[in-house]
Amino acid sequence: LFIDLKVLARRINSEPAVDAVVEIACGKVRSDERAVFREEILGALSRGEVTLYLDALDETRGMKERAVEAIDDLLNGYEDSVEVVMATRDSAAVAGRMLGFGEARLVSPADVNKTVRAILRSFARHRRIEDPEGWVRPRMRWVERVLSRDPDLSKTPLMPILLAVSAGAHADLAGLPSLRAEILKGVVRDVVERWESARAASGVVELGALSGTRAAEALFDCFVLEGSLLAGEPLAPEMEIQAMLADYFADRWRLGASDANATGREAIEFWDEAGFFLKASEGRIEARVRLFGELADALHQVEGRDDSLGSWVATNVSDPERAESLKLAAGLSVIASRTLVEEAVRDGGLQALRTALEAIDEGAASTPELIATLIGALLAILRSGGKEGVDAAAFLADLPVPADLQSEIFDAFSISLPADHALVAEVRAIFGWKMERTPSVLERLRRILRTESPKSLRQSENSRPDVISIFGVDRRWGDAVSAAADALVAESEAEA
């Protein structure tokens, strides 16, 4: 018997649990056959020949403890051989454990690409595309690029599906966003728009006391407000979030206290059921994927006043815990991007400069003048030597350094770094700056092939091991050796 626990929760205060379960199970049976089915189900329960599939305990909301009690009472009245399978998200797991069931957790799909491709092919059929595979392939590549850039998104099966729907909904490839921040923002917008479309089809678009486009606008605003709080407090009290949303509905939409509170609760339930901000144990809420909390944090800041945006960037520019929020804000706002670079240069630390450089690499707006200030700040760190000097050299090798500065930076490589690290930086810069293959350049390429991987230098106390490892020395050396070998083979073939 398949039982929707949302339906059961609405009935258990007015009838015994067993009656409610039987009525729900018979809900889709023809009325003239229900008596026979009801009798057969009761008989099977008494003999222990029933398996109950209880779905969506988390969606019973404030009734989940009461629903669990009703299920417990029901099972106590029948044979132990009655089997039960209950499904819930984490938000109701604590209540579900009161039943003493064994637990299993669903793993992520082994081949999420297969699901994404199936969704895109369905779009192609619906749109009657003449060359469906030709239409699917570029959209598939777009989804794969997004997932490879943010692997955490793949851990939540919903996210690749949302990306597939976003890709399929765009008839024109040019309409697909390319910036990371815009892609993530588009996913959230799509969730709200699909909710609005589904509700409009049923004739009612309502969020508490709001209706129509006001309801959809408020839902997106609530995502921003709720997520921005979670970005700074990963397990925020639900009451704190509810109070914040109630204030929003009262101020923005002029709702009375009662309506503001009720509408805020509905918004919290919506983003919980959508899988973004989940109700956890002990009355707290957490972001299912931290990246969406950081997106909300960025949206909250860029939609505010320019002076408050600047203050926020200056306060957090060297905080690694706020790096993703800063990068996403820079991708959403030219002002945020410029401010991030300016504050990173003013700070002068490698963490701040790394955040600004990664923001630009992800598509944030920049100018030659801003790049020049970053080069100057990195050059200062390079000249200080040590582990941070090696890291600064790696960033400089990837930047578009003007020709008139290249020899100065090459000198700094050889003066400030150990010889093996300096050679790796020089070879990477040769390719990063697209330098002419002069005899001295070719000699450096030959030398790197005879050089072993440099030994790692001691990290400073302020460096982040998880970030440093991304730019690890071994990988830099390996990239340099591989590029040098390819270039020398091409040079040899050209001479022949």
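Which order do the strands of the open sheet with antiparallel pairing have? The legends below start there.

**View 1. An open sheet of three strands pairs in the antiparallel sense, in the order β6-β8-β7.** Because β6 (236-237) and β7 (277-279) stand at the edges, each with a single partner strand, one side of each has no neighbour in the sheet. Between β7 and strand β8 (residues 284-287), three antiparallel bridges are found. Look for Phe277, which sits opposite Ala287 in β8. Strands here are DSSP runs of E with at least two residues, helices are runs of H or I with at least four residues, and both are numbered from the N terminus. Two strands count as paired if DSSP finds at least two bridges between them.

The model is predicted, so to speak of local features a pLDDT of at least 70 is needed, and side-chain atom pairs count only at pLDDT 80 or more, while totals for chains, interfaces and linings use all residues. Residues are numbered from 1 along each chain as its sequence is written, and side-chain values use heavy atoms, with hydrogens and water left out.

**View 2. A second open sheet of three strands has parallel pairing and the order β1-β2-β3.** Its edge strands are β1 (2-4) and β3, each of which pairs on one side only. From one strand to the next, the twist averages 20°. Axes are lines fitted to C-alpha atoms, for helices over the stretch in contact, and angles run from 0 to 180 degrees between N-to-C directions.

**View 3. Strand β2 (residues 51-55) runs parallel to β3, and four bridges join the two.** Buried means under 20% relative accessible area, exposed means over 50%, and partly exposed lies in between (1.4 Å probe, protein chains only).

**View 4. Ala56 has a positive phi, near 70°, although this residue is not a glycine.** Its place is the loop between β2 and α4 (64-76). With a relative accessibility of 6%, Ala56 counts as buried.

**View 5. Lys434 also has a positive phi, about 55°, and is not a glycine.** This residue lies in the loop between α21 (419-432) and α22 (439-449). Lys434 is exposed, at 72% relative accessible area.

**View 6. Helix α18 (residues 368-383) packs against helix α20 (residues 403-416) at an angle of about 25°, with axes 9 Å apart.** That angle makes α18 roughly parallel to α20. Angles under 35 degrees count as roughly parallel, over 145 as roughly antiparallel, 65 to 115 as roughly perpendicular, and the rest as oblique. The crossing of α18 past α20 is left-handed; a crossing is left-handed if the near helix is turned anticlockwise from the far one by less than a right angle, and right-handed if clockwise. On the α18 side, Ile375, Leu379, Leu382 and Arg383 make the contact, and on the α20 side Leu405, Glu408, Ile409, Ala412, Phe413 and Ser416 do. Contact means heavy atoms within 4.5 Å. By class, the residues of this contact are seven nonpolar, one polar and two charged. Ala, Val, Leu, Ile, Met, Phe, Trp, Tyr, Cys and Pro count as nonpolar, Asp, Glu, Lys and Arg as charged, and the others, Gly among them, as polar.

**View 7. Helix α18 also packs with helix α19 (residues 386-398), at an angle of about 145° and with axes 8 Å apart.** Here too, α18 passes α19 in a left-handed crossing. The α18 residues are Ile375, Leu378, Leu379, Ile381 and Leu382, and they meet Glu388, Gly389, Ala392, Ala393, Phe395 and Leu396 of α19. Nine nonpolar, one polar and one charged residues form this contact.

**View 8. The axes of α20 and α21 cross at roughly 160° and come within 8 Å.** That makes α20 roughly antiparallel to α21. The crossing of α20 past α21 is right-handed. Phe410, Phe413 and Ser414 of α20 meet Ala422, Ala425, Glu426, Ala429 and Ile430 of α21. This contact divides into six nonpolar, one polar and one charged residues.
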